[in-house]
Protein chains: 2
Amino acid sequence: MRMSNMLVTTLREVPAEAELPSHKLMLRSGMMRKMASGIYNFMPLGLRSLKKIENVVREEMDRAGAQEFLASALIPSELWQESGRWDVFGPEMFRLNDRNERQFCLGPTHEEVFTDIARGVIKSYKQLPLNLYQIQTKYRDERRPRFGVMRSREFIMKDAYSFDKDYEGLDESYNKMYDAYTKIFARCGVECSAVEADSGAIGGTGSAEFMVKSEFGEDEVVFCDSCNYAANMEKAIAISEPSQKEELKDMEKTATPEVKTIEELIKFFNIGPNKFAKTLVYKADNKVVAVVVRGDREVNEVKVINAVGGAVEFEMADEKTVRKVTSAEIGFAGPIGIKADFVLVDNEVANMYNFIVGANDTGYHLVNVNYGRDFEGTVGDFRNVTSEDKCPKCGGKLTIARGIEVGHIFKLGTKYSESMGAVFSDEDGKVKPLIMGCYGIGVNRTMAAIIEQHHDEDGIVWPLSVAPYHVIVIPAVIKNEEQMKAAEELYNGLKDLGVEVVLDDRKERAGVKFKDADLMGIPIRVTVGKLISEGKVEFKLRSSEEVEEIDLSSVINKVKEQFEKEEIKL
Amino acid sequence: MRMSNMLVTTLREVPAEAELPSHKLMLRSGMMRKMASGIYNFMPLGLRSLKKIENVVREEMDRAGAQEFLASALIPSELWQESGRWDVFGPEMFRLNDRNERQFCLGPTHEEVFTDIARGVIKSYKQLPLNLYQIQTKYRDERRPRFGVMRSREFIMKDAYSFDKDYEGLDESYNKMYDAYTKIFARCGVECSAVEADSGAIGGTGSAEFMVKSEFGEDEVVFCDSCNYAANMEKAIAISEPSQKEELKDMEKTATPEVKTIEELIKFFNIGPNKFAKTLVYKADNKVVAVVVRGDREVNEVKVINAVGGAVEFEMADEKTVRKVTSAEIGFAGPIGIKADFVLVDNEVANMYNFIVGANDTGYHLVNVNYGRDFEGTVGDFRNVTSEDKCPKCGGKLTIARGIEVGHIFKLGTKYSESMGAVFSDEDGKVKPLIMGCYGIGVNRTMAAIIEQHHDEDGIVWPLSVAPYHVIVIPAVIKNEEQMKAAEELYNGLKDLGVEVVLDDRKERAGVKFKDADLMGIPIRVTVGKLISEGKVEFKLRSSEEVEEIDLSSVINKVKEQFEKEEIKL
């Protein structure tokens, strides 16, 4: 591509709306432009990288034996009613009516569609296993679209669904996808960890998220420094050490007027937060759930939801409910005598001695409270892990990092096949529900994650595998015939080899061209300048500061070497 | 691909809903499945062909210097309000609100989006010409979705927009697209004619439709048997020969009680339809338009709309309006004394003598009426061409055929750039509106059109260029080790060559395999049967009845030959 013919839309200024490096750089390098909140148009430069990521995904999916398919984005409501999700899915779902007032949604996910296809075409175990995937546009009306394509409302997703006759088959399908995902993200040049993820709420039997570590990630991930344990915060197991043993003291009721928050309690009693147990009241659909955790801990809502057998709607209880179940104002809730459908007591609290809780009486707390003696409840792991906790697998030190979820693999089991009647005849002639798995990759988000890990202050530093172009040839002075002739020859030579090359033939100063090349992140830069009179050019990798003066004739070999090094086929 | 791993979903029965051969065959061969009225899911087999068509389109667009881009399908209403089309676009546009009650549509077309992009990125004549295209999903809520993907509600379209600094540039961009389209359809194996199309209603300055002749096409196309004249019915020029001269007779009012239709008039007066002029009353927005054509002619509404300067809404006038402007019941409208905003008189009527018209008086007609003497109006071409008419270019015989519109190229001029302020600075420093062209190809419809032209009673007969697979290798008896071994070797040999090959290793009778291969339309079939003991196999092209017995060792060369013959690179 000649840059004079190319739509170059680089920006010098940092767009005000963008916070994240990837978001800023995708706008500044002219890869995309905003159409509306959370909706972007991909410009030619950005689309090239996007398509390369798609192709990496496609190749590895094909290699894993999956077959590509393409579903519509418009999905009739009937399918979602069958699975029971039409009324459950919140405002994230874009809904619309057609001219005959028939209801549709813009698919935020495609479980129903794939299950419908499967029940239509799969009759016998002989057709199994089957893995269908698509690279398709999804729609989610995010409450707060942000960070560019990291959380957008129209985005490209690879979603795959596997169908097996039994759970062993599902394990195999799942593991194939695990391996394929590992390869995909490695080929895209992102460092990525597969972490255990919660699967309770969706009713599955196993799940892993592929997380790219990034300080700007929206998710918290717990890693063990010593072993390979990694889990997202929702799922990470909190191991609660027993407290130092104390003799049980008599419980007392103490007046604590105007003392409502943990901070106020610490001040009032002049002891540490680990001597308090706070009681939080939630509503899980129509049930009231009281959760008791140590004063300085965070409740893990996903663990709570799973413990109560799932909930469509889950939120902090409103003031009225709290008053009703505690018979007190907000700030004085406690586990003793609370009128809740569930009382969940965190492991840590069950192991504490002589602690303080709200008295369920406005203006009072109870001191020297002990689990078992003074109250009971369901004991379990209901809190978030902290960096003080130990690895549940090896006891090692845990680190909590932020990450970007780029992929998710999930054992669905029979959740959809049962509700939608997707069955097959097994070898024994019995009709059984299909055993399903689902596997997603956010394609645009992967693109942003790559940039998060590959940029510097001058711009993007694309890995060769997903760069919009491989090489940029810059004649320093285009009016200089010798330079221009050598640049053209090099450009054509590389093109003939199958290298994707840009010739910056614009009437701009070399400095401007360097800046644009750096911003766009083209991995290999060859500058044809004054040295051409000695048959030499400058060869520079975007990822390195080093500028090598090499013979014009050796450029092609240097480029080939770089391809070999990054294991990219030419 | 081994067929035992492939999702084969061929159907023996003809689906009841399908009328068109392409629709029937796409369902029967398992290329796609219906999701809802006018909405289809593409199964792996169908998607392979669809992607090949996309790639042909992509290659030729790139070759013509266009740059690929990708816009969102969700478009905010504001853009359409700017162009003035938000209120104008009818129920074909899917509209929806986001969670903040902001209005969006699912793009039925993308003029506004591309114009918006252009005004954002194009500043100077130096950036011109520019041609941006995308291969993207479009949405149109058709009143009557039908014929499978021929007229569907969610479909893939290639749309391109060119931006030039002047009309000479637009002509050049337009001609490049004309050539690219010609190549694209040729490579897809469809016989296709570029026909003149109307452009008045959209306000452009030139337009051509690429039509595939097909008895099931929804459009009428007028071809000259002698020269290269071709136009769609909307645009085709009707040349009206002067009638044989007669002396003008005195006009008379005749009572014609209960005689309202042309048929009744013919009977009543006992003369041919060419002695009548019928007057049809339309409403073009708020204006009343009376159109006078010969009794046996059809009014061409597009020509009428253009003659009155365009209309957003155009329809036959309601009974009340007809009564008001004619002062008579329906059936007695005539040009004399009619209270219309426009009276349009077809060329043919202006050339007739002593004809009969409605009297604008219930129960009466006027005889011996003559244009000029008895009434006036705007004379022009307002009727559809018939096969009795002569070619407007050479006077030759015209044929009217049905066709499928697969592509449309269009000189938009400044319609959108002016209304949306998409301007650039020219060499002379002046700010001018961009001169635009737009160019569309219906990708799914092209697929259906290919099948319309390439099928027989057994199934599809894919051209090699867009076939889902090139070759199918069928071992007649898979339990026969010698056959299976040879088939496997051939399969691997062809795969290594880059040929897309299916090995039908299913436990089915050879007859079933042949039927499926024919239905799916795989261009080359190699059967490994009994003859393998003599080193021979059966080689058959799907497009021919001939079965050749050839040496196993020569199959690869035969396949290569076929690729060369159809000019497909391996």
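## Exercises on salt bridges, a core and domains

A:Arg294, A:Asp296, A:Arg297, A:Asp346, A:Glu348, A:Arg383, A:Glu388 and A:Asp389 belong to one network of salt bridges. The model is a predicted one, so let us work through it together, step by step.

**Exercise 1.** Find how many salt bridges the structure holds over all chains, then examine the one between B:Lys52 and B:Glu500.

*Solution.* Start with the total: there are 96 salt bridges over all chains. Next, look at the two side chains, which meet with N and O 2.6 Å apart. Now locate the partners: B:Lys52 sits in helix H2 (residues 44–63) of chain B, while B:Glu500 sits in the loop between helix H12 (481–496) and strand E28 (501–503) of chain B, so the bridge ties together parts 448 residues apart in sequence. Finally, check the accessibility, remembering that buried means under 20%. With a relative accessible area of 14%, B:Lys52 is buried. B:Glu500, at 24%, is partly exposed.

**Exercise 2.** Describe the salt bridge of B:Glu111 with B:Arg85 and decide whether the two residues are buried or exposed.

*Solution.* First, the distance: the closest N and O atoms are 2.9 Å apart. Second, the places: B:Glu111 belongs to helix H4 (residues 111–121) of chain B, and B:Arg85 to the loop between helix H3 (77–83) and strand E5 (94–97) of chain B, so parts 26 residues apart in sequence are tied together.

**Exercise 3.** Work out which strands are linked by the salt bridge between B:Lys536 and B:Asp551.

*Solution.* Begin with the side chains, which meet at 2.9 Å, N to O. As for accessibility, B:Lys536 is partly exposed at 25%. B:Asp551 is partly exposed too, at 36%.

**Exercise 4.** Identify which residues touch the most other members of the largest nonpolar core, and list contacts for the one in chain A.

*Solution.* The core has 81 residues, and A:Phe163 and B:Phe163 touch the most other members. Leaving out residues up to four places away in sequence, A:Phe163 touches A:Phe114, A:Ala118, A:Ile122, A:Leu128, A:Pro129, A:Leu130, A:Leu434, A:Ile435 and A:Met436.

**Exercise 5.** State how far apart the C-alpha centres of domain 2 and domain 3 of chain A lie.

*Solution.* First set the bounds: the assignment gives domain 1 (21–229 + 400–451), domain 2 (252–380) and domain 3 (469–565) in chain A. Then read off the separation: the C-alpha centres of domains 2 and 3 of chain A are 67 Å apart.

Terms used: Residues numbered from 1 in each chain as written. Chains lettered and ligands numbered in written order. Predicted model: local features only at pLDDT ≥ 70, side-chain atom pairs only at ≥ 80, totals over all residues. Heavy atoms only, no water. Core = buried A, V, L, I, M, F, W, Y, C linked by side-chain atoms within 4.5 Å. Buried < 20%, exposed > 50% of the residue type's maximum accessible area, 1.4 Å probe, protein only. Contact = heavy atoms within 4.5 Å. Domains from an automatic or database assignment. Salt bridge = Lys/Arg side-chain N within 4 Å of Asp/Glu carboxyl O. Helix = DSSP H or I, 4+ residues; strand = E, 2+ residues; numbered from the N terminus.
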